[in-house]
Every structure is written in C-alpha cells, then in structure tokens.
Amino acid sequence: MEKPLAMRLSPTSLKDVIGQKELVGKGKILYNLAKKKKLFSMILYGKPGIGKTSIANALVNELGVKYRFLNATIHNKKDFDIVVEEAKMYDGIVLIMDEIHRLNKDKQDLLLPQLENGTITLIGMTTANPYHSINPAIRSRCHLFELKELEHKDIITGLKKALKDDLFKDIKTDKDALEVIARLSGNDLRYAYNLLELGAYATNDKHITKKTIEGINSKAVFFSDKNGDGHYDVLSAFQKSIRGSDVDASLFYLARLIEEGDLDSIYRRMSVIAYEDIGLANPSIGPKVMAAISAAELVGLPEARIPLGTIVTEMALSPKSNTAHIALDEALNDIEKGSVGNVPNHIKTSSTTYKYPHDYPGSYVSQQYLPDKLKNKKYYHPKSLGYEEKIKNIYDKIEKIKDQ
C-alpha cells in the first residue's frame, strides 16, 4: 500500500524542513546539535501540521541513531517495555513519542529512570502547552522548544515541493489552486498535502484547478482544542478585547468561538465581563447580556450569532468600570487576614439606639456601620464615567455629610 503524500515528503534532514528557521536554520540550536552529532531529550510543541514530526525524523536521520516511534495514547506498557529492552541492548536509543501529554503514570514510571541515566533520549511531541499538561518529572528532564505557526508562504513552498512527487508527473496544477489550498489549510502543512493529494485523484482531466479544490473543501480549517490552552487563549483574548474597547478584535474572537460551536463558554465569559469589566459604568448591560443569551439559546446557530454580535459590540463600546468587584475583593482580603472586628452595638438585632435612615431627610443619617477596627476603611473608589458618575455624586455627598 502506497504511503500518503505527507509521509513521502517527510524530511530526511533539517535543511528540508519547511519553516521553523529559528530552530533549524543555520547556526540555530537544532542545526548545531545535528552538526555536532549530539542529541538531548526534548519536547517539541505547537499546532498540528507545523513540523514537529518532520524535525524529529530529520534529527534522527541526520545523526544516524537507532530510534523507535511510539504514541503515548495508542501504544501500551508492553510496547514501552520493548523499547526499554532495546535501549539497554543497544546502549541507548532515541524514542520519538507523539501525544506525550497523554502519557499515563505506569508509562511515566517506566520511562523516567531511563531518561535519568541517558539510556533513552526522548523527543516528545504535543499540541498542548507542556508547562501545564506534561508531568513535571518528565518536563524537568527535557528541553522545551515551541514551534511557530507556519505562514502562507511556507505552505506554498511545501506545495511546490510536493508537485515534484511522481503522483503529479502527468498532472497540471494551477497556481491559484495552490493559493486556495494554502488558504484552506489553516497553516497546517500536513492538511495542505492531504488536500493536494486528494485533488490529484479527484480530477478527471489531470488538471487541478481552483474549482477542483473548492469542490473538495471550501471551508478553511483552524486548530481548535476545546480542552486545551489554545481554547482558553481565545477566551482570554475575547475578554481582554472587550475590556480594551476594541470592537473589531472582540467580534473576531467571538467569531472564533462561534466557529468552534462553543456557545456555553461564550455565555459564561460574557456574563463575567458584564460585571467584572463594565460593572457600574453601565449596569444595564447585565440584563441585556442575559437577554441576548436567551435569544441565542432560543434560535440556536447559525442565527445565534446575530444577538451575540449585537451585544458584544455594545459591550466593547460601553464605558468600563471594575470598582465594585475590586472593592469587594479588598473586603474579602481583610476578612481572610482576620481583620474583622465586632458588629457595632447600635446595628445589632437587639439594638434600641439604631437610627432608621428613612426617618431622616434624604433617607440618610450619619452613623457607624463598620466594626471599630475598620471604621475609617474605604473599599469603594468610584470612577467619573458612564452611569457610575451619578453614583459617585451621591457617594461624594454622603462622604461630605460624614466629614461634617
């Protein structure tokens, strides 16, 4: 059975790797390691299709070392036992391991001593952030290298290289077909190769055109790991864009989340933003957000994007204030430090000296509410913007009466 195009194009040396020049370019770290025939345990991490496996294969080929390939999810403990025995037999082996973030405890316990004594040199690969997802004992024995996302020009370079494969010797491929593949690939070179290969078999007239490719797939792909760091990075960017009043960025990250179909995360994050970032500057935004969420839930996708886009636009352009929740956090901080004190006698349940504010002009009378040890504490510091400016005026008047 013929190997897929992506496998046939797998680099045998670092100079054949597409992109990642900050790691494999002349004079860079992995280039120098290969030149000096030296290899250390490492973890390569980044999005799919950007060269992790290519670099691992190129390294072991250039160094001419014995190696084995395992997948932390698919291969069982027995497979790992075999590699350990081979490593002992050959006085060392390189283990290329995909999905290393899914390595369970049994396999970790088997692998750690071999990493420690150098019997196994590990090249781990993962799409997850190793600082969060990989066992610290494994991580501390490896050098971590982040691979950068490929650019459009890198994908085009890879596709032009692919056209030299025997599969395309009798097939004409239009330049704009390569452009479409690069656009649809989401900067995933493996996906681009797969799409080009399918195009070669899908054409009837041995001519791959833009229409050929769009007939196979007309929707761009992008990396989405709903349980991984990338997903939470998008949620973080969504909130920070709204907080920063950048409506275009806010709508862009909303679109990313909608494309994932993760409405629940959108709803939860918008509900937090309404009170954490907009707060008293526009207190009407909370009910508006809930109304938009209800509408989105009622109609579902794709129409849900309409109320969500409307409310996110208003949230981004709304005045912002975090004073209320910051004030509460300061109060909680005092309580956690044990700075509590007793409730003043005149506002206890049994008090006969409590002054009822509604009996006084303006429904206000000056009396102490905080415990003695905190009586002069100020938690709330209002801002002069949006609706909160009205609250600030009331606050300032009350403070003046207190001072008098």
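Two strands pair if DSSP finds at least two bridges between them. Helices (H or I, at least four residues) and strands (E, at least two) are DSSP runs, numbered from the N terminus. Before you click, know that this is a predicted model: local features need pLDDT of at least 70, side-chain atom pairs count only at pLDDT 80 or more, and totals for chains, interfaces and linings use all residues. Residues are numbered from 1 along each chain as its sequence is written, and side-chain values use heavy atoms, with hydrogens and water left out.

**Stop 1: a pair of strands.** Select 67-71, strand S2, and 93-98, strand S3: they pair in the parallel sense over 5 bridges. Pick out Phe69, whose bridge partner in S3 is Ile96. Of the 6 residues in S3, 5 are buried (buried is under 20% relative accessible area, exposed over 50%, partly exposed in between, with a 1.4 Å probe and protein chains only).

**Stop 2: a helix and its cover.** Now go to helix H10, residues 175-184, and colour Ala177, Leu178, Val180, Ile181, Ala182 and Leu184, which are buried. What covers them? Show helix H9 (152-162), strand S6 (172-173), helix H11 (189-202), strand S7 (207-208) and helix H12 (210-216), which are included in that cover. Just after H10, look for Gly186, which has a positive phi of about 65 degrees.

**Stop 3: two crossing helices.** Select helix H14 (247-260) and helix H17 (305-317): their axes come within 9 Å and cross at roughly 150 degrees. (Axes are lines fitted to C-alpha atoms, for helices over the stretch in contact, and angles run from 0 to 180 degrees between N-to-C directions.) Show the side chains of Val247, Ser250, Leu251, Leu254 and Ile258 from H14, then Arg305, Leu308, Gly309, Val312, Thr313, Ala316 and Leu317 from H17; these make the contact (heavy atoms within 4.5 Å).

**Stop 4: a histidine in a loop.** Jump to His346, in the loop between helix H18 (323-336) and helix H19 (388-403). Is His346 buried or exposed? His346 counts as buried because its relative accessibility is 18%. Its side chain reaches the backbone oxygen of Gln368 at 2.5 Å. Leaving aside neighbours within four places in sequence, His346 is in contact with Ser351, Thr353, Tyr354, Gln367 and Gln368.

**Last stop: a serine.** Finish at Ser236 in helix H13, residues 229-243. Ser236 counts as partly exposed because its relative accessibility is 22%.

Conventions: A polar contact is a pair of N or O atoms within 3.5 Å; within protein, one must be able to donate a hydrogen and the other to accept it, and residues adjacent in sequence count only if both atoms are side-chain atoms.
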